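Hi everyone, thanks for coming. Today I'd like to walk you through one structure, starting with its charged pairs and ending with its core. Here it is.

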Amino acid sequence: MMTSLAVAPPASADAFDPKCVGDKVIRCVRLDTDGTGLSAAASITDDQTDGSNYDVSVTRVDLMAYDSNLGWRAIDVATSPGWDREWDRAETAHWACSHGSSFKVHAILHWRAAGSTGNGEAQHLESESYDC
């Protein structure tokens, strides 16, 4: 007898404006919102569809908040330790979303030929802003 099991994501969680770029190395940033607050997340994935494999790293992901006096500033930062062979992800802590606040994600992502040394290529990737 075959049984099918489907698992749904939590109903309260939502990803606002996920932004992904790239084809062989897919780089994404997003704000995860749940109605009371949000967190910033970034991921990088080597799609491994050809012989050109990459090591990947989410070097830094910032949850940015807009301050009318200071402009955009990082209010929380997350990093990932080192390089991974196929996929890496980092996420900030959960922050309250007060009415009238604006947030966005800024991330620094790196990739290099599998097994090589050095920093490889880098990209700064930013989401659209989200207003609470």
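Okay, so this is a predicted model, and it holds 7 salt bridges. Let me show you a few of them.

Take Asp55 and Arg112, whose side chains meet in a salt bridge at 3.8 Å, N to O. Asp55 sits in strand 4 and Arg112 in strand 8, so this pair links distant parts of the chain, 57 residues apart. Are these two buried or exposed? Both Asp55 and Arg112 are buried.

Next up, Lys104 and Glu126, with a salt bridge at 2.9 Å, N to O. Lys104 is in strand 8 and Glu126 is in strand 9, so the pair ties together parts that are 22 residues apart in sequence. Lys104 is buried, with a relative accessible area of 11%, while Glu126 is partly exposed at 31%. And there's a network too: Arg30, Asp32, Arg89 and Glu91 are joined by salt bridges that share partners.

One more pair: Arg73 and Asp67 meet at 4.0 Å, N to O. Arg73 is partly exposed, with a relative accessible area of 37%, and Asp67 is partly exposed as well, at 21%.

Now for the greasy part. In soluble globular proteins, nonpolar side chains tend to be buried together. Here, the largest nonpolar core has 22 residues, and among those with the most contacts inside it are Ala42, Ile44, Val61 and Phe103. Strands 2, 3, 4, 5 and 8 each supply at least two residues of this core. Which strand gives the largest share? That's strand 4, with 6 residues.

Note on methods: Residues numbered from 1 in each chain as written. Predicted model: local features only at pLDDT ≥ 70, side-chain atom pairs only at ≥ 80, totals over all residues. Heavy atoms only, no water. Core = buried A, V, L, I, M, F, W, Y, C linked by side-chain atoms within 4.5 Å. Buried < 20%, exposed > 50% of the residue type's maximum accessible area, 1.4 Å probe, protein only. Helix = DSSP H or I, 4+ residues; strand = E, 2+ residues; numbered from the N terminus.
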